[in-house]
Amino acid sequence: MLSNEDTLEYWNAVSFGKVKQRFKDRFKRVAQTKEKTKQILSKHADKIAKQAEEHERFINKVTHLLGVLGFGAVSFLLGARPQDIPYLYCLFFFTFVPIRWIYYRYKKWHYYLLDFCYYANTIFLVHLLFFPRNEKLFMVCFSFAEGPLAWALIAWRCSLVFSSLDKTASVLIHLLPGELDLFFWLVFFTIRWWDLAFFAAMHPQGTAQSQRVSWPYVESKSDLWTWLFVVPLVAYSLWQALYFLIVNVFCQQRLSRDPEVMTSYRELSKKAQKANNIWWRLSGMLGDQNRQFMYILIQGIFTVATMAFTVPIFMSYELHLIFQILKVSATTWNGGCFLLEVMPRQVVLKEKKKSETDKHIQTQQDEYSIVHENPMKTYNRTSCMCWKIQ
């Protein structure tokens, strides 16, 4: 017969087992609910993206109209209330990024949203919305905006094309933190040189105006290099480590199963191999098996060089202004090249593909009608021939 201690231990074990099973069931239900929600969202995203493709021409016209109207609106805002430009950037980010996720999810490009530009833009939002007066965080964001993101416009040949929502969003993601599009001046340029809210900090009482001409004010060169170069480089290294873990470790099997899912490395290597350009040759210096490592190394060198260049830009209004003109000119030039050279070829290819698809569907319909719609005519002809022979 069991003692009281044995009985108590037995019931404790039973209770623990029930609680453990209850938690397992709950976690299972949560996982199932999460998976169902994910499937529903993916299904709706695919449906919306497919409908958008079917009405592509109309959407492009609307996008072009809104882009041109935005030129006047933002130009007015820049002159009337330059201090509100950062909040306009926040509105853009919260509007365009969800739209881009829907479109990219349908195209299997959603891993692009893990790129450094989105990581940096998230930090910009945190700074603008929660810590707008933090000088150190501003300098880190300035380094991101006027360093890797700004030069990526040129390196990636981003094109400002109002009739293409995707291309416009690509330009704005890289351009908005430093600049607000072809029609905007830059967020950080405005804050640093033009924002009325910071004029009091530029010339505090008892300070000569010639000593402080912008916000934030940095007295020592060591602080300048620390917050414009060292700290941003550490933040970039953290992103690179997280990106490698997510894409190359956690999601490696899925990417291996589906070669249509695109990442930045896949797209760059594909384009570089097709063009057989200098980037393809550089990435192959250590052999094909080490191309991804070389890609990370080249990107790291690019980031170090562009971040170092933000120091003289930060100290000079004239140099900063010239750099903005260069960025806008590059994206506008690329946009013109796209409109006059690339887009006509794309339209011809789309029309050709559509014509071939329609022709194939029409052929299938004709074959179906012959087989399924006229069986009685075929039977009657056969019967008549048999009767005549008899």
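Biologist: What does the secondary structure of this chain come to?
Modeller: The chain has 16 helices and 0 strands. Helices here are DSSP runs of H or I with at least four residues, strands are runs of E with at least two, and both are numbered from the N terminus. This is a predicted model, in which local features need pLDDT of at least 70 and side-chain atom pairs count only at pLDDT 80 or more, while totals for chains, interfaces and linings use all residues. Residues are numbered from 1 along each chain as its sequence is written, and side-chain values use heavy atoms, with hydrogens and water left out.

Biologist: Which residues of H12 are buried, and what do they pack against?
Modeller: The buried ones are Ser 264, Tyr 265, Glu 267, Ser 269 and Ala 272. They pack against helices H10 (221-250), H13 (278-283) and H14 (291-315).

Biologist: Why is Lys 327 called buried?
Modeller: Buried means under 20% relative accessible area, exposed means over 50%, and partly exposed lies in between (1.4 Å probe, protein chains only). Lys 327, which sits in helix H15 (residues 317-373), has a relative accessible area of 2%, so it counts as buried. Across the 390 residues of the chain, 34% count as buried.

Biologist: What makes Glu 146 and Lys 327 a salt bridge?
Modeller: The term asks for a side-chain nitrogen of Lys or Arg within 4 Å of a carboxyl oxygen of Asp or Glu. The side chains of Glu 146 and Lys 327 meet at 2.8 Å, N to O, so the pair qualifies. Glu 146 lies in helix H5 (residues 135-146) and Lys 327 in helix H15, so the pair ties together parts that are 181 residues apart in sequence. Glu 146 also counts as buried, because its relative accessibility is 0%.

Biologist: How many salt bridges does the structure hold?
Modeller: There are 3 salt bridges. Asp 258 forms one with Lys 108, the closest N and O atoms being 2.9 Å apart. Asp 258 is in the loop between helix H11 (252-257) and H12, while Lys 108 is in the loop between helix H3 (85-107) and helix H4 (116-130), 150 residues apart.

Biologist: What makes Glu 260 and Lys 108 a salt bridge?
Modeller: Their side chains meet at 3.5 Å, N to O, so they fall within the 4 Å cut-off. Glu 260 lies in the loop between H11 and H12, and Lys 108 in the one between H3 and H4, so this pair joins parts 152 residues apart in sequence.

Biologist: Why is Glu 260 called exposed, and Lys 108 partly exposed?
Modeller: Glu 260 has 53% relative accessibility, so it counts as exposed. Lys 108 has a relative accessible area of 29%, so it is partly exposed.

Biologist: Which spans does the UniProt record list as "transmembrane region"?
Modeller: The unreviewed UniProt entry lists several, including residues 86-104 and 111-131. In the model, residues 86-104 are 100% helix and 0% strand, with end C-alpha atoms 26 Å apart. For residues 111-131, the span is 71% helix and 0% strand, and the end C-alpha atoms lie 29 Å apart. UniProt annotations may be inferred rather than shown by experiment.

Conventions:
Contact = heavy atoms within 4.5 Å.
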